[in-house]
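Please read it alongside the sequence and the coordinates.

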Amino acid sequence: MKRDVAAAALLSLPHRRYNPLTGEWLLVSAERTSRPWLGSEEAPNVGGEPAYDPTCYLCPGNVRANGERNPVYESTFFFTNDFAALQPDSPVASLEEGLLRAESEQGTCQVICFSPRHDLTISRMTAAQARTVVDLWAERSETLGKTFEWVQVFENRGSAMGASNPHPHGQIWAGSALPREAEKEDRSQKAHWAATGHSLLLDYAEQELGGPRDLGSDSDWLVVVPFWAAWPFETLIIPRRPVSCLPDLDVRQRELLAGRLTKLLRGYDELFDAPFPYSMGWHQAPFDGVDRPDWQLHAHFYPPLLQATVRKFMVGYELLSEPQRDITAEDAADRLRSAIKAANP
Ligand code: H2U
Ligand code: ZN
């Protein structure tokens, strides 16, 4: 049975929202957060790390799990992951037997340290320090993009998201195939460009500027809780001018990005007054030598927490039907906006 209601009323009812970037839907059912929770609780992430930890495998001068010693680095540092999931010299092979298909994959995995300081998370950095992280992301992408088509820059922060070490670090996995998420975004952005002659994410940024999900913007960047956010406090960072990959960011864009990032991350830490766990990463155009005006660079932040010690699980309905969220993107944006303001006086 279908009844028509005004668009505004629709958003306060259980409803589905469309993600134009992936072509997928999700279920939004606000007002469910008051349900009782006797499940597992996340240990609050207390922080308070020392500036140097002699047992940390990422601190300068320390020995890693494979016996190699880190240099006494003073800014950023990267190395090939000692337990890499991808190998560059993996032989090319494929299998096709009825419905069974497989392809070998070539690639490499690197670990990137954001700072020699064990305790200096991006949220605690000055914009100038965060700028060195932006430059590292861009330099690594440019170099790896010469060999591999897909360069995935990402960071897992906090044990709730599987980070193995509090030392501020991220990873880069570069491979020869377009992975699943990239393939979806590739298809959607191409289709929007073909239909409208515009970039999907630039059109989206234009629509969100100054709106209820806008968390802050400047001449070059927009930070927004996407209308289709699946994780409670998910955010999206979009450059406001056409740019398809990290190496193409100019000096001004990099400087402003460093400021946006530290502001957002301080806001995240402020939200539950504790270091905030998340997985974040950049989606940039495939490095295949083809000009891609349709593909707009952007970063996703996927934090798992719903409350200080209660995480969102993508289980049951989410796994079997589609993602579901309990607070609306607009409510999440209100709370994040206040936290960002409080954390950046
Ligand atoms: P995460 O914290 O996001 O899991 O990243 C840490 C990576 O560091 C992980 O992929 C690698 C692990 O394989 N690592 C090394 O390469 N050398 C070490 O000595 C320990 C961890
Ligand atoms: Zn360390």
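## The zinc site

His 167 has a relative accessibility of 1% and therefore counts as buried, the cut-off being under 20%. The model is a predicted one, and in it His 118 is likewise buried, with a relative accessible area of 1%. Both histidines coordinate the zinc ion (ligand 2) through their ND1 atoms, while Cys 56 and Cys 59 contribute their SG atoms, with distances of 2.0 to 2.3 Å.

The angles subtended by the four donor atoms around the zinc ion (ligand 2) run from 102 to 116°, which makes the arrangement tetrahedral. For comparison, four tetrahedral donors ideally stand at angles of 109.5 degrees. Along the sequence, the donor residues of the zinc ion (ligand 2) follow the spacing C-x2-C-x58-H-x48-H. His 118 belongs to the loop between β6 (107-113) and α2, and His 167 to the loop between β7 (150-157) and β8 (169-175), so the pair ties together parts that are 49 residues apart in sequence.

The protein chain is divided into domain 1, covering 77-175, and domain 2, covering 179-343. Taken over C-alpha atoms, the centres of domain 1 and domain 2 are separated by 19 Å, and the contact between them takes 28 residues from domain 1 and 32 residues from domain 2.

Between them, domain 1 and domain 2 bury about 2,600 Å², of which 63% is on carbon and sulfur atoms. On the side of domain 1, Trp 150, Arg 157 and Met 161 supply 26% of the area buried against domain 2, which is more than any other three residues provide.

## Arg 131 in helix α2

Arg 131 is placed in helix α2, which spans residues 127-145. With a relative accessibility of 19%, Arg 131 counts as buried, because the limit is under 20%. When residues up to four places away in sequence are not counted, Arg 131 touches Val 251, Arg 254, Glu 255 and Ala 258.

## A three-stranded sheet

An open sheet of three strands is arranged in the order β1-β2-β14, and its pairing is mixed. Its edge strands are β1 (15-19) and β14 (324-325), each of which pairs on one side only.

Strand β2, residues 24-28, pairs with β14 in the parallel sense over two bridges. Opposite Val 28 stands Arg 325 in β14. In general, the strands of a sheet pair through backbone hydrogen bonds, in either a parallel or an antiparallel manner.

Technical notes:
Residues numbered from 1 in each chain as written. Chains lettered and ligands numbered in written order. Predicted model: local features only at pLDDT ≥ 70, side-chain atom pairs only at ≥ 80, totals over all residues. Heavy atoms only, no water. Pairing = 2+ DSSP bridges. Helix = DSSP H or I, 4+ residues; strand = E, 2+ residues; numbered from the N terminus. Buried < 20%, exposed > 50% of the residue type's maximum accessible area, 1.4 Å probe, protein only. Contact = heavy atoms within 4.5 Å. Donors = N, O, S within 2.8 Å, 3.2 Å for Na, K, Ca; no water. Tetrahedral: all angles 85-135°; square planar, octahedral: opposite > 155°, others 65-115°. Domains from an automatic or database assignment. Buried area = accessible area lost by both parts, 1.4 Å probe.
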